[in-house]
Amino acid sequence: MITRIIKRLGGPRPPKFNPKVRWWSDPEWLARYERHLAADGLGGRSHPHRILDRRFTLASFAKAARGLKGDTAECGVLRGTSSALICETLRDTYGSEHRHWAFDSFEGLPKTGATDAQWKKGDLSVTEATARAALADFPYVSLIKGWIPESLAVVAERKFRLVHIDVDIETSTRDCLTFFYPRAVPGAVFVIDDYGFHSCPGARKSVDHFLSNKPEALIELTTGQGVFFRSGN
Ligand SMILES: C[S@@+](CC[C@H](N)C(=O)[O-])C[C@H]1O[C@@H](n2cnc3c(N)ncnc32)[C@H](O)[C@@H]1O
């Protein structure tokens, strides 16, 4: 179906961004993105820049963690593109002390629930080797294959300055928030990729429920992402 529509339209078309703003035609950003875009083009069925705005937003919020001490983490790695962008953006800040932790089952989603819309167990499954290849340039990455939350135990004693949560479903999103919130340094940035998507109502539910008794306010972005900064001093 998608292939048929794209064919009729004469191939994947680039997304439209406001020509008056500079970010999407900034050559430095485009070069950085294209180095890591891996499989964002989904085998040619859609334009490789279709989620350029979300990628740019993640990289921008990663910059906000630049001056903080601590590790960075991503839950939901898939082919490694978003982890690579985080690592590239903060490249000079890891040193020998700080790491980027990247968690995924590499068997796709676990059992889903009633709030998880169209998702089902096993969706979004890619090989660990694909992500490993995408992250090979970054010696400070630890790629952890396994099921969240059990797989997170390896970082129980670490502190975090940036956490990217991109796991699509209610239980996984809840488990990531529950684990990382108490391990986040003051000012730490949480980016929840799926917050504003019709396709991920369970993720939104988990975030709203989790923050309902916390001081942090969720900022919903036009890209569909949700962001908050860990309070405290
Ligand atoms: C949308 S993909 C991640 C996309 C990636 N961050 C990117 O931007 O390219 C969601 C990923 O979450 C993983 N995932 C979801 N729930 C999980 C869980 N409980 N344990 C481990 N991995 C999980 C899936 O395997 C899948 O690879």
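Q: Which residues come nearest to the ligand?
A: This is a predicted model, where local features need pLDDT of at least 70, side-chain atom pairs count only at pLDDT 80 or more, and totals for chains, interfaces and linings use all residues. Residues are numbered from 1 along each chain as its sequence is written, and side-chain values use heavy atoms, leaving out hydrogens and water. There are 19 residues around the ligand (a heavy atom within 4 Å of it), and the nearest are Arg55, Gly76, Ser82, Asp104 and Asp166.

Q: How far is a nitrogen atom of the ligand from an N or O atom in the side chain of Asp166?
A: Polar contacts here are pairs of N or O atoms within 3.5 Å. Arg55 has a polar side-chain atom 2.6 Å from a ligand oxygen, and a side-chain N or O atom of Asp104 is also 2.6 Å from an oxygen of the ligand. For Asp166 and the ligand nitrogen, the distance is 2.8 Å.

Q: How much of the ligand's exposed area does the protein bury?
A: Taken alone, the ligand exposes 610 Å² (Shrake-Rupley method, 1.4 Å probe). The share of that buried by the protein is 94%.

Q: How many residues of helix α4 are buried?
A: Helix α4 (a DSSP run of H or I, at least four residues) spans residues 81–89 and is mostly covered. Its buried residues (under 20% relative accessible area, 1.4 Å probe, protein chains only) include Ser82, Leu85 and Glu88. The count is nine of nine.

Q: Why does Val163 count as buried?
A: Val163 is in strand β4, residues 160–165 (a DSSP run of E, at least two residues). Val163 counts as buried because its relative accessibility is 1%.

Conventions:
Polar contact = N/O pair within 3.5 Å; in protein donor to acceptor, adjacent residues only side chain to side chain. Buried < 20%, exposed > 50% of the residue type's maximum accessible area, 1.4 Å probe, protein only.
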